[in-house]
Amino acid sequence: MRYQRLDLNLLTALRALLTERNVTRAGEQLHVSQSAMSGMLARLREYFDDALIVPVGRRMELTPLAETLVDKVNDLMLRLDATLATRPDFDPATSRRQFSIVASDYVAQVLLLDVLRELHHEAPGLRLEFRHPSNAAAVDLENGEVDFVINPQRFTTPNQASTVLFEDSYHAVVDRANTAVGDVLSLDSYRQQRHVTLEVNGRPQFETWFISEHGAPAHTEVVVNAFSLLPPLVLGTSRVATLHTRMALQAARQWPVRLVALGFEAPRLVETLQWHRYRDLDPASQYLRDKIIRHARALPAVEALMG
């Protein structure tokens, strides 16, 4: 099918070439041979009367015209994907849709496990893929690579739809037998503890804030890549881990650990849900995000949990 002399089948090839900036990788993305991909590039060069991709030293670069096409082609393909994915007769009981969600194991544990249990019964054909938060999450959402991003509010991008899900605070967690730490940790005492902390594609919100305000703690003994690993790593030790209060309360029910209040001001965590604006009216996307929002809004306030 042609539109203004362009074979519309070449649009996916153009998007792959603009993204990968490499004929071989673009071919792998589309599952076609390198020679077939080279042929499509030749046809695109003829249509645009431009080389589109040129060698610069040892790498390939986009021409100025190709650079101007990146956002436009991506936007066009996202609109097309959203249009084709929309089904006015969406039925969760029979749908086979697939969704990808960027969310930490903390969010999965305090919110999404309940959502998934409900989906198991209501929408057994839905397939959900979870990806860990990264610096590329906003770009992946913009490019349509993921459907939803659940992240702290400070990472929210203004050009996509979003809503606040819930708030949380922070507590330290120590072994229940640790008598060296009382019920409250002062700032000086907190700085001197032997810490277990987390780092995945950069530090999480609390650690980033603490270092910027007070400098790094004196001793970080263990660094892990998942929130769920923090509580067991204080067991049988004098280590301290800092957790979101909701997760810390869950940990205290699962492990012999206790919560310790922070005796200094710390920022609250505000978790938000983002989705691509082009999927606003997609019934399947709306069904899933409404379910996530409903479960989030049903969470008790963290102050009520502390009783």
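1. A quick word on terms before we start: a residue is called buried under 20% relative accessible area, exposed over 50%, and partly exposed in between, with a 1.4 Å probe and protein chains only. L113, with a relative accessible area of 40%, is therefore partly exposed.

2. Please keep in mind that this is a predicted model, in which local features need pLDDT of at least 70 and side-chain atom pairs pLDDT 80 or more, while totals for chains, interfaces and linings use all residues. Numbering runs from 1 along each chain as its sequence is written, and side-chain values use heavy atoms, without hydrogens and water.

3. On the chain as a whole: eleven helices and 15 strands make up its secondary structure (DSSP runs numbered from the N terminus, H or I of at least four residues for helices, E of at least two for strands). Of the 307 residues, 44% are buried. The C-alpha atoms fill a box of roughly 75 × 50 × 30 Å along the principal axes.

4. Back to L113, which sits in helix α5, residues 105-122.

5. Who else surrounds D147? Beyond neighbours within four places in sequence, its contacts (heavy atoms within 4.5 Å) include Q98, F99, S100 and L141, together with Q274, W275, H276 and R279.
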